[in-house]
Amino acid sequence: MTTKDGVEGYGAGPAMGRERAGLGELLGLYLLGEDATDIDLIQQRLREMAYVGWRNYWVAPAFWDIKGKLAGKPVYALLGGKPCTVKLYASTGEVKKPAARIREAEARYAEGFRTIKLRVHDFDESVDIEQVTETAKAIGDKMKIGVDANQAWRVTAIGDAPLWDLERAKRFADACAEVGVAWIEEPLPMDGYEDLTALTKYSKVPIAGGELHTGAFPELRMMIERKCYDIFQPDAVFTGGIDQTFAITKLCREHGLKYSPHNLDKRNRVRG
Ligand SMILES: [Mg+2]
């Protein structure tokens, strides 16, 4: 986004190809002429755009960027935050056999990571369970282990994957509990609200999710109230902008739930 005075603001969003080409004509209809620093107004325009099927909340951070540049402050300062140090975990991005996964976990441990996240995408659930169980037995005393099933973000355009249901998710949660897995991420479809609540209530391992609820505040508020997850992880870009995500963190705190931000890395590749 560029203001008429030439101040540039940057956002980033998901795309599978060149589907965003030409999007400027739509954004311009809603946003040209508005005050770029009026985030509430920008959010209202994005809501109006979403009513006709175009969820483009990912542009909202660009307006925070503009607002910060005009104020001469970083966005965290505009939000009342302070610089801090956060612990990161090593997120694996592909499926591997147990032996290769264990070697990878050892390598991440040597680099200083103390938590690793595995992927489980096999059509045979015993293969998924074996990977997690074997890795936990090998390195679980040194590292925390999380597992991502990516059922809320099944990128079948890249590769087909099994579609989990509540019963499979429960069996997997039981297996993870036996080896002390720290969290299970997205074990069910993102809109399976009743099943998510049931699984979160059933599972001894905390259930996490919420990366891609675009334009999320009404939906995620409902999911928080229904306790669909123990750990909510909306993304400040995908989810509806920095201010919507900030409001969600407050709601999680009020409901005694945890929050962990999903994010894009510096090359704008998803690390979720
Ligand atoms: Mg994820």
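This passage walks through the overall fold of a predicted model, then its sheet and one of its helices.

The secondary structure of the chain amounts to 10 helices and seven strands. With a radius of gyration of 20 Å, close to the 19 Å that the globule rule gives for 272 residues, the chain is as compact as a globular protein of that length. Its C-alpha trace spans about 60 × 40 × 40 Å along the principal axes. Of the 272 residues, 31% count as buried. Among contacts between residues at least 6 apart in sequence, 70% join residues at least 24 apart.

Turning to the sheet, the seven strands form an open arrangement in the order β1-β2-β3-β4-β5-β6-β7, with parallel pairing. At its edges sit β1 (90-91) and β7 (258-259), each of which pairs on one side only. Within the sheet, β3 (residues 144-148) and β4 (residues 183-185) are joined in the parallel sense by three bridges; here V147 has I184 of β4 as its bridge partner.

The buried residues of α2 are I42, L46 and M49. These residues cover an arc of only 55° around the axis and therefore lie on the same side of α2. An α-helix has 3.6 residues a turn, so residues three or four places apart point the same way. The buried residues of α2 pack against α1 (23-31) and α3 (60-71), whereas D40, E48 and Y51 are exposed on the other side of the helix. After α2 comes G53, with a positive phi near 100°.

How values were computed. Residues are numbered from 1 along each chain as its sequence is written. This is a predicted model: local features need pLDDT of at least 70, side-chain atom pairs count only at pLDDT 80 or more; totals for chains, interfaces and linings use all residues. Helices (H or I, at least four residues) and strands (E, at least two) are DSSP runs, numbered from the N terminus. The radius of gyration is taken over C-alpha atoms; the globule rule is 2.2 Å times the number of residues to the power 0.38. A residue is buried if 20 or more other C-beta atoms lie within 10 Å of its own, exposed if 12 or fewer, and partly exposed in between; C-beta atoms are placed from the backbone. Two residues are in contact if their C-beta atoms, placed from the backbone, lie within 7 Å. Two strands pair if DSSP finds at least two bridges between them. The arc is that of the directions from the helix axis to the C-beta atoms.
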